[in-house]
Amino acid sequence: PLIVTNQSGSKFELKINNEESVFIAPKSSFSIPFNIVYEAKYSIRPCLSGDEYEFSKKSFNWETLLGGPIFEKCSSVQNGSSFYYQIDAKYEEKEKLAKVFPHMMVVVSAPLKIENVLPIDVEIELLSKNTKEKIVLHLHKSESLPVHHINLNDFVFMKLNAPSTEYVPADYVLVASPNSSSLAVEKQIKMLKKNRTSILKLELKYSVDRYTQTKMMKIYSPYIILNRTERDIFIKAKGSNNIFTSKVSLQDGEYVTKPEMFSFDYKDDSNSAQIKMKDSDWSPANTLDALEQNFDMALSIPSKTMQTELGLHISEGLGKYSLSKLVTVSPRFIIKNEYSEDLVLGETRSIAEVVLEMNTAIPLYKMSTSSSKLCKLKFYGGNYSEPFPIGEIGTLYTKVFNKQLTKHILLKIETVLD
């Protein structure tokens, strides 16, 4: 009638009545023999390679667990560190006999589990104020780890390091407090650029696992910028000087970029942001909270009659980014030449030409400031076709003179949304 299940992530030894011991592996269970279950008392210790622990000093029985989850502390034989378990009982509270005779599932788990929902690997330092316990955890992106070496019934402070970025922690944040304290935990982590020019505010989400009662803490970025262009882009909150950069590098002939974390440095109901490229002005402000919306952005280029054309898509994060909003920046126009020869693309209001190699897709960034853009095509050495609109969804045809074949070729132009 009493089953002990291990949800802690590592094997532990359960001593029964200070005599017999059983070893329970992670995700495994053990049923206490019926003839001793009513009187049995238990103590526990972890089985970890390289470190030996004493049994928990306070024994417990089934009646101890009727009042809710308890914490058990095991002390290290070697270095004096502590290992904590949270133990909770699952039973039918409405059943009258449940408090007369043990009929329950005893769940042994970590008091805390931390999940890294950021697009980067992080290093987390936890510090307990009164017990002076200190641990350092290394969390890869999308990884979660159980935390056993810190006393949650104390003031616990956390500091986050991001070694692969230019950010450093501004300070410790409070992530746990004693049951007797009215001090609330903090829900935001402030990070500073090493040159102190930018502030990044990461978020903390707390919850409790319904099955184990383990406290869950997720670390995430409110916004993640996905740069689908082949150029560096800059983004900031409207009216702010706090600028974030999404850099692009060329690796093995391909443009590579990493997801960039972004946050607003002040409270604004519209949550509007501006974007620019190196040679452009800032775009008009667009809200980043309009989910599943697409925006066309025209970034003016100083002292020129051209502008940079970009597309902005905002979506709700999925999977590992489920708590973040995804902001995807991409070229507004991408031209792919599926004809069997190279072509040349021009715009009626510009002298610039773009070579379209066959079976190659090329992004168009700089175009005229005209609201109705007309393009034209030609073969090498030939004349341009009649102008046709770009950006209108659908299919059209145009005739292009091929000088080598001494005749016009009918080309099909199909415009689709990606």
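Reply: First, a definition: buried means under 20% relative accessible area, exposed over 50%, and partly exposed in between (1.4 Å probe, protein chains only). This is a predicted model, where local features need pLDDT of at least 70, side-chain atom pairs count only at pLDDT 80 or more, and totals for chains, interfaces and linings use all residues. Residues are numbered from 1 along each chain as its sequence is written, and side-chain values use heavy atoms, with hydrogens and water left out.

Me: Is Thr-406 buried or exposed?
Reply: Thr-406 sits in the loop between strand 37 (394-402) and strand 38. Strands here are DSSP runs (E, at least two residues), numbered from the N terminus. Phi of Thr-406 is positive, about 50°, although Thr-406 is not a glycine. Its relative accessible area is 59%, so Thr-406 is exposed.

Me: What is the relative accessible area of Asp-252?
Reply: Asp-252 lies in the loop between strand 22 and strand 23. This residue, other than glycine, has a positive phi near 55°. Asp-252 counts as exposed because its relative accessible area is 82%.

Me: Which side chain joins that of Ser-249 in a polar contact of 3.4 Å?
Reply: Ser-249 belongs to strand 22 and is partly exposed, at 31% relative accessibility. A polar contact is a pair of N or O atoms within 3.5 Å; within protein, one must be able to donate a hydrogen and the other to accept it, and residues adjacent in sequence count only if both atoms are side-chain atoms. The side chain that meets Ser-249 at 3.4 Å belongs to Gln-251.

Me: Which residues does Ser-249 touch, not counting residues up to four places away in sequence?
Reply: Touching, or contact, means heavy atoms within 4.5 Å. Beyond four places in sequence, Ser-249 touches Glu-254, Tyr-255 and Val-256.

Me: Which side chain makes a polar contact of 2.5 Å with that of Ser-368?
Reply: Ser-368 is part of strand 34 (residues 366-368). It is buried, at 3% relative accessibility. Leaving aside neighbours within four places, its contacts include Thr-305, Met-306 and Arg-349. The side chain at 2.5 Å is that of Glu-347.

Me: What separates the C-alpha atoms of Thr-328 and His-313?
Reply: Thr-328 lies in strand 29 and is buried, with a relative accessible area of 17%. Among its contacts beyond four places in sequence are Leu-226, Arg-228 and His-313. Thr-328 and His-313 are 15 residues apart along the chain, and their C-alpha atoms are separated by 5.1 Å.

Me: How many disulfides does a search of the whole structure find?
Reply: A disulfide is a pair of cysteine sulfur atoms within 2.5 Å. The closest cysteine sulfur to that of Cys-47 is in Cys-74, 10 Å away, so the two are too far for a bond. Cys-47 is partly exposed, at 26% relative accessibility, whereas Cys-375 is buried at 1%. The number of disulfides found in the whole structure is 0.

Me: How many nonpolar residues are in the lining of the largest pocket?
Reply: About 1400 Å³ of space lies in the largest pocket. Of its 36 lining residues, those closest to its centre are Ile-334, Ile-335, Glu-414, Thr-415 and Val-416. On a 1 Å grid over the protein atoms alone, a pocket is an open set of points where a 1.4 Å probe fits, with protein on both sides within 12 Å along at least five of seven lines, and lining residues have an atom within 4 Å of a point. By class, with Ala, Val, Leu, Ile, Met, Phe, Trp, Tyr, Cys and Pro as nonpolar, Asp, Glu, Lys and Arg as charged and the others, Gly among them, as polar, the lining has 8 polar, 7 charged and 21 nonpolar residues.

Conventions
Points joined across faces, edges and corners; volume = space filled by probe spheres on them. Helix = DSSP H or I, 4+ residues; strand = E, 2+ residues; numbered from the N terminus.
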